[in-house]
Amino acid sequence: MTLLITWILDNLQLLIAGIYVAMSSAVTVHAILWKRDTKAVVGWVGLAWLSPFIGSFSYYLFGINRIQRRAVELSTRKAWRGAERLHLTDLEAAQKELFLTHPQAGSMILLSRHLSRRQILPGNSIKPLVNGDQAYPQMLAAIASAKKSVSLQSYIFDNDSIGQEFVSALSAAQDRGVEARVMVDGVGVRYSKRPNILKPLREAGLKHALFLPTRIPRLPNTANLRNHRKIMVVDGVHGFTGGTNIRAGHCLNLGIKSPAQCLHFSLTGPVASHLQQTFAVDWAFATGESLQGEAWFQNNERCGDSWARGINHGPDEDFEKLSDLLVGALSMARESVHIITPYFLPPAALTQVLAVTAMRGVAVNILLPSRNNIRIMDWATRAEIGPLLEKGCNITVTPEPFDHTKLLVVDDAWSLIGSTNWDQRSLRLNFEFNVECYDRDLAMQLKAVFTEKAASGRPLSLSDINSRSLPIKFRDGAARLWAPYL
């Protein structure tokens with residue numbers, strides 16, 4: 001033993017160098033084999049070799065996608081197979097055929113069908129709900145009317161006055177015999193003050209789960225992956241989704257310091273099944289429980305004129321589906337594009353498509369907050385948007401309160417609503433849920449929301465970007481280097 005220790009000490013430098021080379025080589029091989037983005041490969045390989053041990057350990061924590069949920073989805077799908085079938089009426093079949101023969105709509109339907117593996121569903125009613133002031137009362141009323149089940153999933157579920165209202169409503173529903181399931185993201189739950197919402201949920205006896213808890217030994221699997229979805233479904237027939245977390249800060253009428261505007265949606269009709277399916281897969285992945293039966297899945301009746309489809313996105317088998325969908329929608333735009341997003345740091349390919357869309361003569365209108373709740377995001381965004389202004393995109397910044405709305409409207413006819421931001425975290429690392437809607441009336445309502453917000457804003461000009469001082473440009477450019485992690 002003494003000889004072994006002596007040998008190790010005499011050759012310590014050589015051993016450390018060997019471990020460094022082995023770790024860096026392992027990162028290189030894994031990144032080349034599994035990373036799709038060439039810049040990501042170069043970045044991680046460079047970090048591994050130029051930052052001994054720290055770079056390799058960072059790749060182990062943040063660079064490896066260990067989430068494979070396809071088997072969970074396949075095993076869970078049998079629970080909703082009956083409710084998934086939808087027979088079109090003659091009128092609906094004619095409408096769909098008309099969509100498919102339209103050059104733009106037909107192409108989008110085929111693209112999103114390929115990406116989502118779901119059919120587009122007719123007969124939906126989709127209503128925008130402005131801020132928590134409109135969304136929460138309707139969501140709480142839906143829980144109060146629940147007869148069979150409530151599924152609730154939120155990235156952030158604060159233990160504040162609004163969060164406590166939801167816990168009380170869910171507890172009362174459970175006392176009536178309603179099945180309730182609540183899921184919160186393992187990172188999002190940490191945004192809440194202590195004690196977080198888990199204690200009230202536990203005290204109320206509500207079945208709840210964390211999605212990818214950030215605890216050792218699971219930390220390497222979960223540290224950089226977040227479930228950003230906001231989904232609620234009551235009795236399998238009435239859904240809510242959008243960008244609104246459960247927190248008092250989304251209610252402007254409560255007088256909360258630093259509130260956030262947002263847009264949420266009430267959805268009834270067949271598309272509610274897509275919300276429930278998404279929740280069921282996430283719940284099965286987090287807990288192992290398969291939600292089955294009529295309490296959770298219904299053959300939903302038609303109740304409106306919207307054609308819609310739910311689209312999942314995540315760092316697993318659904319990787320980059322939202323990016324592909326956005327590229328497709330922008331490529332097919334002929335007249336106008338309206339985008340509202342709180343965080344705007346799209347991947348280079350999407351930035352290029354935005355610029356090309358504007359150069360084709362399409363009015364590309366983008367609404368951003370004038371002051372972000374994440375300061376470094378403001379800096380990085382300012383470093384990115386110059387080329388878009390140069391190519392003809394219209395960018396307007398809106399005053400406080402901070403606008404957390406996520407929205408895309410194309411040609412006053414096609415809308416995308418849901419949880420996704422236009423940044424690399426949402427488009428590459430997060431689990432997101434969105435709904436595409438073919439409904440001109442809804443699109444015009446959402447365009448009116450855009451117009452009203454833009455009326456109080458200030459258009460950005462290229463001179464605003466170019467006139468920044470050299471130190472500010474350097475700061476903003478340095479912030480942009482963190483774009484994949486913001």
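Mentor: Gladly! Let us begin with surface patches: a nonpolar patch is made of residues with over 30% relative accessible area and no salt bridge, with nonpolar side chains joined within 5 Å. Please keep in mind that this is a predicted model.

Trainee: Which residues make a nonpolar surface patch here?

Mentor: Ile16, Ile19 and Phe53 make one of about 240 Å². One of these residues, isoleucine 19, sits in helix H2, which covers residues 12-34.

Trainee: Is isoleucine 19 buried, exposed or partly exposed?

Mentor: Isoleucine 19 has 45% relative accessibility, so the residue counts as partly exposed. That label is used for values between the buried limit, under 20%, and the exposed limit, over 50%.

Trainee: Now to the aromatic rings. How is a pair of them described?

Mentor: A pair of aromatic rings is described by the distance of the centres and the angle of the planes. Rings pair if their centres lie within 6.5 Å; planes under 30 degrees apart count as stacked, and over 60 as edge-to-face. By this rule, there are seven aromatic pairs. In one of them, phenylalanine 211 and phenylalanine 431 have ring centres 5.2 Å apart and planes at 70°, so this pair is edge-to-face.

Trainee: Where in the chain are phenylalanine 211 and phenylalanine 431?

Mentor: They lie in distant parts of the chain, 220 residues apart. Phenylalanine 211 belongs to strand S4 (residues 207-211), while phenylalanine 431 is in the loop between helix H18 (424-429) and strand S18 (432-438). Phenylalanine 211 is buried, with a relative accessible area of 0%, and phenylalanine 431 is buried with a value of 0%.

Trainee: What kind of pair do phenylalanine 279 and tryptophan 283 form?

Mentor: A stacked one, because their ring centres are 5.9 Å apart and their planes meet at 15°. Phenylalanine 279 and tryptophan 283 are four residues apart in helix H13 (residues 272-287), so about one helical turn separates them. Phenylalanine 279 is buried at 0% relative accessible area, and tryptophan 283 is buried at 2%.

Trainee: Which residues form an aromatic cluster?

Mentor: Tyr136, Phe157 and Phe166 form one. Tyr136 is also among the buried residues of H9, including Asn131, Gly132 and Met139.

Terms used:
Residues numbered from 1 in each chain as written. Predicted model: local features only at pLDDT ≥ 70, side-chain atom pairs only at ≥ 80, totals over all residues. Heavy atoms only, no water. Patch = residues over 30% accessible without salt bridge, like charges linked within 9 Å, V, L, I, M, F, W, Y side chains within 5 Å. Areas by Shrake-Rupley, 256 points an atom, 1.4 Å probe, with all protein chains shown as cover. Salt bridge = Lys/Arg side-chain N within 4 Å of Asp/Glu carboxyl O. Helix = DSSP H or I, 4+ residues; strand = E, 2+ residues; numbered from the N terminus. Buried < 20%, exposed > 50% of the residue type's maximum accessible area, 1.4 Å probe, protein only. Phe/Tyr/Trp six-rings, centres within 6.5 Å; stacked < 30°, edge-to-face > 60°.
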